[in-house]
Amino acid sequence: MRCFKLIKYDLKQGILKNRLYLLVPLSTVIICNQCRLHLAAWDQSGTWAIYLAYCFRGLQRISRQTLSGGFQIPVFWVLMLVLPLTVTLDYPFRDIKTIGPQMLVRSGRRVTWWLSKCFWNLCSTIVYFALVLFSVAVFCFCLKVPISMETPMGSMMALFSEADITEAAGEITAGQVLFVFIIIPFSAVAALNMEEMLFSLIFRPIYGFLFSVALVTAASYVTSPFLIGNYANVTRCDAFIDNGLNSQSGLLICIGVLFVSIAAGALIFRSRDILLDYKEL
Amino acid sequence: MKRILLCELRKMIQARTLLWAIVIGMAISLINVIENYFLTQWFYDIQEVINTPGYQTLSIYHNWINGAQMTVGETIFFTVLPLLAAIPFSWSLWNEKHSGYANQILIRGEKKTYLLAKFIAVFLSGGIAVVTAMIFNFMANAWILPLCNTTPALTGSGDGLFLSRLLFTCPKIYVLLCLMTSFFWAGTLACLGLVASLFMRSTVISVLFPFGLFLGSSFLIDGLVPSYADAEFLGRFETSPMQLLHAMTLNSNPAWYVWTVQLTLLTIVFVVYYLRGMRDEML
């Protein structure tokens, strides 16, 4: 019962009262508009799945040899990953500086507090994704774009124009769309969020954020199975790209990172001095 | 003024966050050094096969962090630069305001003096954190890369880019001016965090503000002005704030343009800070 109350409180304070969520539909609509222009240049109209994929379209696999001119960071993709990191950054550590110690005493166990925050973190990621999916659907509805999971080959070619797209790309099923465009990016974002919360606990929130942004930026450049940001980049997925990253193993790695972060956080939080000196940052 | 400025500078130098920002900046810039080490190994390997003349490919002037355009270290460093600049001391006004310390100073001295001293200290803190990491990067790269002149074909620099003539004629002065420009950028970004702390309820969010503003405005420019590359004016100049932090960009960034943008931004930041700071009797 105590745990349930704690979770209810976290969901209310950390999600319902978090005004940063307002940025999510705004950013998504701007990206969708960019996608509309991109598809129009290729004489394509796209579908809901195509617009969604565009939101998580990073850069193709790159190397120093393949780059000409210079490397420019994929701002849209970075923003789609940094936004959930920002939304989930401040609340747990603001809570522990204010009402947190009271909650800890009343909940009876320190681990309960941490698990409640982990649950809130996961719910925040779900809300973030729900907002993205809903915003894309509203955008498509307004432009009379079919709200379907079909991926026409022409639109896929337009979407991944720079990458080595396979012939199977135009025939992927609704289940694959769900897995590659929603579940894999969701698990990667959830793992990144949890990792950020763990680093924020070990160091301070701002350093946790800095570390996570550095990981996301590195993932935009380096194609490595250990940089989990890569799994939120649909342009590097093996479902329709030659030599892409394996999405099944990606899902396992993300879930592994998620659980390791929760377990490590619980262990650290048990012996952590929560009345930390917050004179600086 | 002198006393309060010295007091603020002492607090800034003693802040552990300044040390942390420098250490993190150095660690990130070290990635660039490691990449350059592998570049030298690759160069010596192919030299054995095709006997390339000269060492210009390895020149430090287009491989150190402010000259490279295609390394992970450089990409991460310039992406997190707004954070590195804001972490050292931009939070201090927020803390002093909420602990009541600022008001104690205000009843003993002039508010204008306090605000000005704080602005200078924050500006210097951002600049010191970022430029120390850059100097470290240049010195570390100097261990493995030759200090020879570079050529236009090997760099992304050319006509219309930041001090491109100096890069090929007086590269040492070019490096010095790059460091000064980065110092100015970092100082301005740190002051942006300071201004945000006057408006925000959370110190963490105010420190994130410069990063959010730069990423957000780059996002808006890319998203809302999709055909900017075709436009007559915008196509000629680099408009993305995240890209403008680099010395070398894909679009044109002549020195006068970069310095004008910097000066305009700093002026706006200072005016907003001063007006908001002076508005109420107490902070």
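I began with Arg19(A), which I found in the loop between helix H1 (2-16) and helix H2 (23-41) of chain A. The model is a predicted one, and I kept that in mind for every entry below. I counted 7 C-beta neighbours inside 10 Å for Arg19(A), and because a residue with 12 or fewer is exposed, Arg19(A) counts as exposed. I then looked up its separation from Val82(A), which lies 63 residues away along the chain, and noted 16 Å between the C-alpha atoms of Arg19(A) and Val82(A).

Next I turned to backbone angles, with the reminder that most residues other than glycine have a negative phi. Lys144(A) is not a glycine, yet I noted for Lys144(A) a positive phi of about 60°. I placed Lys144(A) in the loop between helix H7 (110-142) and helix H8 (153-159) of chain A, and its 8 C-beta neighbours inside 10 Å make Lys144(A) an exposed residue.

In chain B I looked up Leu163(B), where phi is near 45°, again a positive value in a residue other than glycine. Leu163(B) is found in the loop between helix H6 (111-144) and helix H7 (164-169) of chain B. Is Leu163(B) buried or exposed? I counted 20 C-beta neighbours inside 10 Å, and because 20 or more is the cut-off for a buried residue, Leu163(B) counts as buried.

I then stepped back to chain A as a whole, in which I listed eleven helices and zero strands. The radius of gyration of chain A is 20 Å, close to the 19 Å that the globule rule gives for 281 residues, so I recorded chain A as being as compact as a globular protein of that length. Along its principal axes, the C-alpha trace of chain A spans about 60 × 40 × 30 Å. Buried residues make up 47% of the 281 residues in chain A, and of the contacts in chain A with a separation of 6 or more, 79% join residues 24 or more positions apart.

My last entry concerns the contact between the chains, to which chain A and chain B each give 34 residues. On the side of chain B that touches chain A, at least two residues each come from helix H2 (16-50), helix H3 (72-86), helix H9 (203-224) and helix H10 (241-244) of chain B. The largest share of that side, eleven residues, comes from H9(B). Sorting the side of chain B that touches chain A by class, I noted 21 nonpolar, eleven polar and two charged residues.

Terms used
Residues numbered from 1 in each chain as written. Chains lettered and ligands numbered in written order. Predicted model: local features only at pLDDT ≥ 70, side-chain atom pairs only at ≥ 80, totals over all residues. Contact = placed C-beta atoms within 7 Å. Helix = DSSP H or I, 4+ residues; strand = E, 2+ residues; numbered from the N terminus. Nonpolar A, V, L, I, M, F, W, Y, C, P; charged D, E, K, R; others polar. Rg over C-alpha atoms; globule rule 2.2 N^0.38 Å.
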